[in-house]
Amino acid sequence: MTAAARVLELLAERGETLAVAESLTGGLVAAELTSVPGASHSFRGSVTAYATPVKRELLGVDGVLLAERGAVDPEVARQMATGVRRVLRADWGMATTGVAGPEPQDGKPVGTVYVAVAGPDGAENVTALRLNGGRADIRRESVRSVLALLSGELGKNASAQDTEQNGGN
């Protein structure tokens, strides 16, 4: 089972939905999700916020933050995930932002990537990645990493729910 199929299966089991905000991956996360039959049961849609103004104007990323730190920043990733969750009215939001190359951006070296998830009850997680390889490799690994991050969050959250429902250990 692919990572995208696993994420969609977990979401379907919970009756929850997902939205994606992508920068450096340019729609690859959405493509991976929609390659799974039945994805429409849980996947609401995506925003390819490649340009910095789109991050601010559509997703609600803080303009001062973008001006001071640039788009390649863990807090930007977090705000993108919460913003797409809000804009597309989904239970969970995922985001990717980073430098795929070939040149550095905002003073950050090629391979600097941040992936984030935001979910119900304040669940949030941001992971910093330092990836090697060419542009395609960095983008592909960013897709894999954000899907793994959400899968982990859904699995962790499911374990906590199961423990609560079964009265402890």
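Author: The chain averages a pLDDT of 93, and 92% of the residues score at least 70. Over residues 161-169, though, the pLDDT is below 50, and this stretch has three contacts in the model beyond near neighbours in sequence. Where pLDDT is low, the predicted coordinates should not be read in detail.

Helix α6 covers residues 135-165, and E153 is found in it. E153 is buried, with a relative accessible area of 6%, because the cut-off for buried is under 20%. Leaving aside residues up to four places away in sequence, E153 touches W92, V117, A123 and N125.

E153 also has a charged partner: it forms a salt bridge with K156, where the closest N and O atoms are 3.0 Å apart. Side chains of opposite charge can pair when their charged atoms come close. Here, E153 and K156 are three residues apart in helix α6, so about one helical turn separates them.

Now look at another pair in this helix. R144 and E141 meet through their side chains in a salt bridge of 2.6 Å, N to O. R144 and E141 are also three residues apart in helix α6, so about one helical turn lies between them. What about their surroundings? R144 is partly exposed at 44% relative accessible area, and E141 counts as partly exposed at 26%, whereas E153 counts as buried at 6%.

Definitions and conventions: Residues numbered from 1 in each chain as written. Predicted model: local features only at pLDDT ≥ 70, side-chain atom pairs only at ≥ 80, totals over all residues. Heavy atoms only, no water. pLDDT = per-residue confidence, 0-100. Contact = heavy atoms within 4.5 Å. Helix = DSSP H or I, 4+ residues; strand = E, 2+ residues; numbered from the N terminus. Buried < 20%, exposed > 50% of the residue type's maximum accessible area, 1.4 Å probe, protein only. Salt bridge = Lys/Arg side-chain N within 4 Å of Asp/Glu carboxyl O.
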